Amino acid sequence: MARKPRATSVNLAVNLGGLAMKNPVTVGSGTFGAGMEYSDFVDVASLGAVTTKGVSLNGWEGNATPRIAETASGMLNSIGLQNPGVAHLKEVELPWLADLGATAMVNVSGHSFDEYVAVIEALEEAPVAAYEVNISCPNVDAGGMTMGCHVPSVEKVVGMCRAATKRPLIVKLTPNVTDITEIARAAEAAGADGLSLINTLLGMAVDARTRRPKLARVVGGYSGPAVKPVALRMVWQVANAVSIPVLGMGGIASGTDAIEFMLAGATAVAVGTANFANPTATVDVIDGIIDYCEQYGVKDVNELIGALEC
Amino acid sequence: MLYNEKAPILFNEEAGRGIWIMTLDAPEIAATALPGQFVHVRIPGMEGHILRRPFGVYAAFPEEGTIDIMYQVLGFGTDHMTHLEPGERVEAIGPVGRGWQPPAGCKKALLVAGGVGSAPIHPLVGQLKAQGAEVTAILGAQTAEALVARQRFAEALGCEPLCSTDDGTFGRAGFCTPLVQEALDEAAASGQPFDYVACCGPEPLMKLVASMAEGAGVFCEVSLERRMACGVGACLSCVVDTVNGKKRACVDGPVFPSKEVVW
């Protein structure tokens, strides 16, 4: 049966740059579809938000297989933003989420500046609570990370998306940069309402026996428990560098992991790779947050945001 | 409906030459699994390996509430599995995927299994017999000791399966594909050709059997395996190239009509 978080008197509601979340937990885009595949396991409407799989205007085929490789306490993926296009999301997944009463944040992808804007424009009448602008995917040749690594292109794409919508605009950042705070400040200046980080770290795995890379595209995005220290460090740096809220992610699998990110400055968190090992990871994380708050006498989860003592 | 059962291990023994059988107490999956479906298993004690492992359901016993899976020791995960004791619990998502879909009026079926590919194809024998089809099974393995499914196939079929071993220690020496071609040819010559071929095993075997079946004009299905993360259709890791674009091995498959597969 689909699990829901347990009852509590702790206030779990947070506001992520205008996105009202009933609790601070969403999912990492691409690890959860739009929730349908997990609806036998968790009540997706009970999540703070459902962040949908990255969507482009007309759909993409994605990369060749093998697309994943398991690594020590983590994994590499090179899916390549395979998606059926924004019309499918609008006709199938978003109405399904709306009927359930779920909060939808749509992850927006594009190969060009104009494509990001076109996707947002296509969704302006749809039941969407917020957009997450993906300028950080390491697995596509155009758009994605190439756009998120340099201040001018970040300013341009975020500015264009900002002009296209009044809805909360969260910008998802790549960790594959020299100074993430510089990129974060550029996104903030261009009108972002919030920042999400980290997307995956660019990595690689080799099969010594066959002398071949384990991924068809050779390199891919590294995620899972192994990347948590990097993610925490970047969330902490960014939260201290900007005044807009941060959605933290990278290796979160438990309530304690989530609390650590909130202490480091995250207003909300996303559960990503953990969904693969544990299909109820999202609700387990919410329950773990409740456990922590009750144990330490935290009446409002907002008290934890940036409460790191150092 | 998918379940995620915390399933106690009831039995975990080597059945022959690096091939093991594990019995799980998983009543919801046992009651609902269809032939060709699989379970996506989280193994205790290997948390540094963060992904689940998919295994075809070798047998489901709804009354006992148990399922059997078969695994071959190939890497860290399957080696670790051999050390698990009855009473320890795995977590199994299932039953997952599109199983075998033989034609409704199937009268005469040829089932071909290579190695541990015998596991997901075994439950199909019972399904086809129940609908009144005549079933021939061909099992290929590296050596006699690795033909672990032979006895269960014999029980389900009511006769011995045709067997081959690469080293000639049991049945026909060499690969099983000559047996497949002979069976197709003999059935055609008798005027009662097969109307369904199902194959699970190494991909080169499936490709060859598919082309033999297609050459004989017989509808064929194959069960494909890909590196898999979520196992429920969300992550798009396990896609297969088909004539209809990329399909997910986990939920659009693992069984596909052979003519849809772009090999």
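Six of the seven residues of strand S5 (residues 66-72) of chain B are buried, so S5(B) is largely enclosed by the rest of the structure. The model is predicted. In the contact between the two chains, 22 residues of chain B meet 30 residues of chain A. On the chain B side, these comprise 12 nonpolar, five polar and five charged residues.

**Strand S5 of chain B and its partners**

- S5(B) pairs with strand S2 (residues 19-25) of chain B in the antiparallel sense, over seven bridges.
- In that pairing, B:Ile19 stands opposite B:Gln72 of S5(B).
- Strand S4 (residues 53-61) of chain B also pairs with S5(B) in the antiparallel sense, here over four bridges.
- B:Phe61 stands opposite B:Thr66 of S5(B).
- S4(B) and S5(B) form a hairpin with four residues between them, and B:Gly65 in the turn has a positive phi of about 75°.

**The seven-stranded sheet of chain B**

- Chain B holds an open sheet of seven strands with mixed pairing, in the order S10-S9-S8-S7-S11-S12-S15.
- Strand S10 (172-173) and strand S15 (255-257) of chain B stand at the edges; each has a single partner strand, so one side of each is left without a neighbour in the sheet.
- The partner strand S12 (residues 220-223) of chain B runs antiparallel to S15(B) and is joined to S15(B) by three bridges.
- Across this pair, B:Val222 faces B:Phe256, which stands opposite in S15(B).
- Helix H3 (residues 118-130) of chain B packs on the sheet and touches strand S7 (108-114), strand S8 (134-141), strand S11 (196-200) and S12 of chain B.
- The direction of H3(B) makes about 165° with that of S7(B).
- Helix H6 (residues 203-215) of chain B packs on the sheet too, touching S7, S11 and S12 of chain B.
- The direction of H6(B) makes about 170° with that of S11(B).

**Helix H3 of chain B**

- The 13 residues of H3(B) should span 18 Å at 1.5 Å a residue, and the end C-alpha atoms are 19 Å apart, which agrees.
- Just after H3(B), B:Gly132 takes a positive phi of about 85°.

**Chain B as a whole**

- Six helices and 15 strands make up the secondary structure of chain B.
- A compact globule of 263 residues would have a radius of gyration near 18 Å, and chain B has 18 Å, which agrees.
- The C-alpha trace of chain B spans about 55 × 40 × 35 Å along its principal axes.
- Of the 263 residues of chain B, 54% count as buried.
- For contacts in chain B between residues at least 6 apart in sequence, 64% join residues at least 24 apart.

**Chain A as a whole**

- Chain A has nine helices and 16 strands.
- The radius of gyration of chain A is 18 Å, close to the 19 Å that the globule rule gives for 310 residues, so chain A is as compact as a globular protein of that length.
- Along its principal axes, the C-alpha trace of chain A spans about 50 × 50 × 45 Å.
- Buried residues account for 58% of the 310 residues in chain A.
- For contacts in chain A between residues at least 6 apart in sequence, 73% join residues at least 24 apart.

How values were computed
Residues numbered from 1 in each chain as written. Chains lettered and ligands numbered in written order. Predicted model: local features only at pLDDT ≥ 70, side-chain atom pairs only at ≥ 80, totals over all residues. Helix = DSSP H or I, 4+ residues; strand = E, 2+ residues; numbered from the N terminus. Rg over C-alpha atoms; globule rule 2.2 N^0.38 Å. Buried ≥ 20, exposed ≤ 12 C-beta atoms within 10 Å, placed from the backbone. Contact = placed C-beta atoms within 7 Å. Pairing = 2+ DSSP bridges. Axes fitted to C-alpha atoms, helices over the stretch in contact; angles between N-to-C directions. Nonpolar A, V, L, I, M, F, W, Y, C, P; charged D, E, K, R; others polar. Expected span 1.5 Å × (residues − 1).
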